[in-house]
Amino acid sequence: MGIRFNQVSYDYSSFAQGLYTAIKDINLEITEKHEFIALVGHTGSGKSTLAKHMNALIFPSEGNLEIFGEVITAKRNKKIKYNNIRKKVGLVFQFPEYQLFEETVEKDIMFGPMNFKITQEEAKKIAKESLNLVGLNDSYLQRNPYNLSGGEKKRVSIAGILAMDPEILVLDEPTSGLDPAGKRVLMNLFKDINEKTGKTIVIITHDMDLVYQYFNRVLVMNEGRLIYDGDPEKLFREKDLFKNHLDYPNTIKVLKYLNETLNLNLNIYQKTLEAALSEIERVVKE
Amino acid sequence: MKSIIIGQYIPGKGMFYKLDPRTKIVAVLFIMISVFLLQTIFQLLIALSVAIILLLIGRISLLKVLKGLKPIMILLIFTFIFQIILNREGTPLISHPMYFTIFTLIFLILAFIIWRVLAKLLRFRFTLFFLFAGSVYVILRFVDFGDALIEPFNFAIYQSGLEMSIFVVIRLLIIITLSTVLTLTTKPTDLTQGIEKLLHPLKRIGFDSESFALIISISLRYIPTIFDEANKIMLAQASRGADFSEGKLKDKLKQVISLLVPMFIIAFMRSEELANAMESRNFVPGEKRTRINELNFNYKDVLATVFSILVLAGSIVLRVI
């Protein structure tokens with residue numbers, strides 16, 4: 001069993017504004033194997049707060065959640081080893097600057113595994129493997145993480161979490177700030193990890209093209225509530241996504257526009273550019 | 001951390017909000033000096049009641065100020081206890097032997113356990129602490145049976161010790177209340193502008209009050225931001241198995257480094273960005289700056305200044321007589 005949210009709410013409190021409810025009454029189940037989930041919603045809808053619950057970085061104000069059998073409630077339980085939960089559910093933050101601190105990439109990736117009592121040699125081996133996994137070669141091992149480009153930093157920070165070999169991987173906007181090619185490389189990498197190892201992966205993203213193309217389950221957050229949980233196909237067939245501050249994928253938008261202006265009869269629900277092109281070809285030939 | 005009221009500005013209405021920051025700084029300074037000039041408890045009590053009346057006039061909730069005093073409470077209690085125990089002048093008020101026997105030890109341990117259990121269950125921590133302290137005194141005083149572990153010792157409170165401790169505590173209370181009123185009712189930006197204007201005459205001896213004020217206001221502005229960032233970094237490292245509340249001391253050292261390095265780097269990045277943003281809006285260091293809201297004196301400021309000067313003069317007169 002993976003992660004299960006039972007009626008989870010979370011309030012931020014601050015002196016100036018009082019209580020602010022970030023997420024409300026969340027019921028959600030994520031199994032530990034073979035899921036590939038997108039978490040979408042506009043800024044401030046509670047996506048990141050939800051993600052932080054998944055490895056018990058923050059505790060619910062109300063309700064509880066079960067993570068691999070451990071029940072997380074509002075109060076810290078001394079019997080639970082929270083570090084072990086974080087080993088099982090790896091969370092990659094949006095900005096790599098928050099976690100990189102060592103003078104070499106190798107040492108930085110080793111930091112995670114070393115926290116779980118393994119030898120230096122093993123950690124080194126794991127560091128190398130996970131660096132290769134994110135598509136960087138061995139020459140990066142001895143470089144200073146702060147001299148890398150934004151995309152490279154991001155990959156190193158992902159490698160730092162992958163090195164802990166989590167069973168579920170949660171990524172907060174891993175593709176933000178990357179060029180389109182870099183985005184695809186990373187997404188293919190995640191899909192690859194998901195298919196080869198069967199690890200469940202949860203990805204927070206704003207990119208509807210990616211959601212439509214890659215994912216088989218999508219969670220939509222709006223004003224702290226989970227308003228949709230299911231197939232992206234069905235989500236994009238709904239009429240009024242804009243009221244939830246969402247947008248349609250580009251393929252759907254373009255094909256729909258073609259239908260309206262040229263009076264064609266295209267099937268607008270095409271996931272990839274190639275599929276859209278062949279659909280246009282088909283209709284034009286007719 | 002978020003409940004600390006000292007140094008916080010809370011928007012509101014009332015007399016003190018309308019005063020010029022320069023007036024407020026000078027008045028608070030004057031009144032503080034005069035509080036230090038006072039010599040008897042009676043004078044101080046009058047000063048305390050004046051301070052409370054000022055709060056009432058300014059429509060500042062006493063409850064808020066009291067809440068803000070909470071973190072200082074421990075300091076106040078320690079000052080009180082040290083004064084009362086260490087000051088041995090004047091006539092003794094209480095003087096009697098204290099015993100420390102096996103039974104005392106047992107009772108002390110019992111009291112301690114009861115206190116900790118109650119503290120876990122109930123919410124009145126301060127009250128419970130006082131009850132515990134009181135029970136320690138009662139046990140030491142009255143449990144005189146059983147084998148003595150150490151020789152009975154003498155416990156004494158002297159008159160001047162009691163007076164001095166009350167004196168010091170009230171003085172601290174007044175000073176903290178006054179400075180809380182200042183920061184509670186003045187925006188940090190106004191406060192720094194006030195300091196800048198007050199220190200302006202020092203330019204003749206080469207002190208750049210404008211840069212000084214700018215440094216203060218930028219640091220104040222970035223305290224919450226850096227706090228926020230530290231929190232995020234802590235969470236990011238906790239996700240890599242470095243939870244601060246678990247693990248051994250040796251591991252914790254490494255974890256502190258994993259927190260400090262990103263914090264410094266992010267702080268440097270931020271300062272560079274801020275400098276660029278300021279320059280791109282035409283900020284030139286040392287140039288004369290104008291402001292949207294210039295500070296203005298009005299009749300209220302005159303009244304407040306006159307009042308604080310009168311207080312100062314009065315306390316000087318009392319001191320001399």
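This is a predicted model: local features need pLDDT of at least 70, side-chain atom pairs count only at pLDDT 80 or more; totals for chains, interfaces and linings use all residues.
Colleague: What makes α3(B) a helix whose span is close to the expected one?

Modeller: Helix α3(B), residues 41–57, has 17 residues, and its first and last C-alpha atoms are 24 Å apart, which is close to the 24 Å expected at 1.5 Å a residue.

Colleague: Which residues of α3(B) are called buried, and why are they placed on the same side of the helix?

Modeller: The buried residues are L44(B), A47(B), A51(B) and L55(B), and the term applies because each has 20 or more other C-beta atoms within 10 Å of its own. They cover an arc of only 85° around the axis, and therefore lie on the same side of α3(B). Among the elements that cover these buried residues are α2 (21–37), α4 (62–86) and α7 (159–185) of chain B.

Colleague: What is carried by the face of α3(B) turned away from its buried side?

Modeller: That face carries F42(B), I46(B), S49(B), I53(B), L56(B) and I57(B), which are exposed; the word is used because the count of other C-beta atoms within 10 Å is 12 or fewer for each of them. Just after α3(B), the residue R59(B) takes a positive phi of about 55°.

Colleague: Which residues does V170(A) touch?

Modeller: Leaving aside residues up to four places away in sequence, V170(A) touches A51(A), M54(A), N55(A), V89(A), G90(A), L91(A) and V202(A).

Colleague: Why is β1(B) described as hardly covered, and what makes β1(B) and β2(B) a pair?

Modeller: Of the 10 residues of β1(B), residues 92–101, the count that is buried is one, hence the description. As for pairing, at least two bridges are required, and β1(B) and β2(B), residues 148–158, have eight in the antiparallel sense, so the two strands pair. Within this arrangement, P92(B) stands opposite Y158(B) in β2(B).

Colleague: How many residues are in contact between chain A and chain B, and which element of chain A supplies the largest share?

Modeller: In chain A, 27 residues are in contact with 20 residues of chain B. The largest share of the side of chain A that touches chain B, four residues, comes from α2(A), and the residues of that side divide into 13 nonpolar, nine polar and five charged.

Technical notes: Residues are numbered from 1 along each chain as its sequence is written. Chains are lettered from A and ligands numbered from 1 in the order in which they are written. The expected span of a helix is 1.5 Å times one less than its number of residues. The arc is that of the directions from the helix axis to the C-beta atoms. Two residues are in contact if their C-beta atoms, placed from the backbone, lie within 7 Å. Ala, Val, Leu, Ile, Met, Phe, Trp, Tyr, Cys and Pro count as nonpolar, Asp, Glu, Lys and Arg as charged, and the others, Gly among them, as polar.
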